[in-house]
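These are my notebook entries on a structure that I went through element by element. I put down what I looked up, together with the cut-offs behind each term.

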Amino acid sequence: MKFSGVLFLVAISTMLAVSDAIKTVVFPTETNTDYVELSPLKSLNLAAFTLCMRVATELSGHREVTLFAYRTPDADELNVWRELDGRLALYLRTSAGSEAVHFQVPQLGALETHLCITWDSSSGAAALFLDGRKSLTKIYKKGHRVQSGGRVILGQDLDSYEGSFDAKQSFVGEISDVNMWDSVLPDSTIQRMSSGKRVPRGNVFDWEATPLKIHGGAKVLNREL
Ligand code: CA
Ligand code: CA
């Protein structure tokens, strides 16, 4: 009986270990063709969110780099950029030239960073977390609401609903573990997630369940956290 109990525990821990294997997407080169489209679990009609990903890129300082693009037929609805000067930026509902909220944080690099962005419409509070460390809070777009009905892609910046990609804004590197919640998660939950611990899964995007549509030369591999 004891022996079978041990076997059972071994089986369970093996299952848990296996379930920590996740997809990761490699964007090998600068293109205007390679991207991955994510299907949300619920509509992106959002008054608050937490968006997290693991990201590594060697494009530091060369140009703008798109990290997350959500566009409706009418507008760039929710975009995350690494700007030319290395700052990270969140743009909600913008047209060309309109303002973002910027964070002057350490540069993304070849070593992976766990990045989260939180925003809450009721206060306008926006903040970043890099490897679990929280930035200052900034106030951005208080009272705004993110609209549903668009497309979310990684790897390229959408300038129209169909695409209109610019290679000089593409992402080159690796992105994985992209999750999104329709609320602001507690700091402690984000800290646990950044160190690879299990947390409640994203209810807008759950990286383990969200189907990925691969386009061009983007490569999906498996990794274990
Ligand atoms: Ca563009
Ligand atoms: Ca755009």
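I began with strand 5 and strand 6, which pair in the antiparallel sense over 6 bridges; two strands pair if DSSP finds at least two bridges between them, and strands here are DSSP runs (E, at least two residues), just as helices are DSSP runs (H or I, at least four), numbered from the N terminus. I noted that the two strands form a hairpin with 5 residues between them, and that Gly 86 in this turn has a positive phi of about 95°. For one bridge I looked up the partners by name and found Trp 81 with Ala 89 of strand 6.

I then followed strand 6 to its other neighbour, strand 7 (residues 101-103), with which strand 6 pairs in the antiparallel sense over 3 bridges. Here Ala 89 stands opposite His 102. I also looked up the burial of strand 6 (residues 88-94): 6 of its 7 residues are buried, so this strand is largely enclosed by the rest of the structure. By buried I mean under 20% relative accessible area, by exposed over 50%, and by partly exposed anything in between (1.4 Å probe, protein chains only).

Before going further I recorded the conventions. The model is predicted, so local features need pLDDT of at least 70 and side-chain atom pairs count only at pLDDT 80 or more, while totals for chains, interfaces and linings use all residues. Residues are numbered from 1 along each chain as its sequence is written, chains are lettered from A and ligands numbered from 1 in the order in which they are written, and side-chain values use heavy atoms, with hydrogens and water left out.

For the chain as a whole I noted 2 helices and 15 strands, and buried residues make up 49% of its 225 residues. Taking contacts (heavy atoms within 4.5 Å) between residues at least 6 apart in sequence, I found that 68% join residues at least 24 apart. The chain exposes about 10600 Å², of which carbon and sulfur atoms supply 56%; these areas come from the Shrake-Rupley method with a 1.4 Å probe, and for residues only the protein chains shown count as cover.

Next I turned to the metal sites, where donors are N, O and S atoms within 2.8 Å of the metal (3.2 Å for Na, K and Ca), and where sites may look incomplete because water is not among the atoms. Asp 76 lies in strand 5 (residues 76-82) and Asp 159 in the loop between strand 12 (151-154) and strand 13 (173-181), so the pair ties together parts that are 83 residues apart in sequence. I checked their burial too: Asp 76 is buried at 14% relative accessibility, whereas Asp 159 is partly exposed at 38%.

Gln 169 is buried, with a relative accessible area of 13%. Which residue bridges the two calcium ions? I found that Asp 157 does, with the calcium ion (ligand 1) and the calcium ion (ligand 2) 4.1 Å apart.

I then looked for disulfides, meaning pairs of cysteine sulfur atoms within 2.5 Å, and the structure holds 1. It joins Cys 52 to Cys 116, with S to S at 2.1 Å. This pair links distant parts of the chain, since Cys 52 is in strand 3 (residues 48-56) and Cys 116 in strand 8 (residues 113-120), 64 residues apart. The torsion about the S-S bond is about 110°, so the disulfide is right-handed. Cys 52 is buried at 0%, and Cys 116 is buried at 0% relative accessibility.

My last entry concerns Gly 132, in the loop between strand 9 (125-130) and strand 10 (133-134), which counts as buried at 7% relative accessibility. Leaving aside residues up to four places away in sequence, Gly 132 touches His 114, Gln 191 and Ser 194. Gly 132 and Ser 194 are 62 residues apart in sequence but 5.4 Å apart in space, C-alpha to C-alpha.
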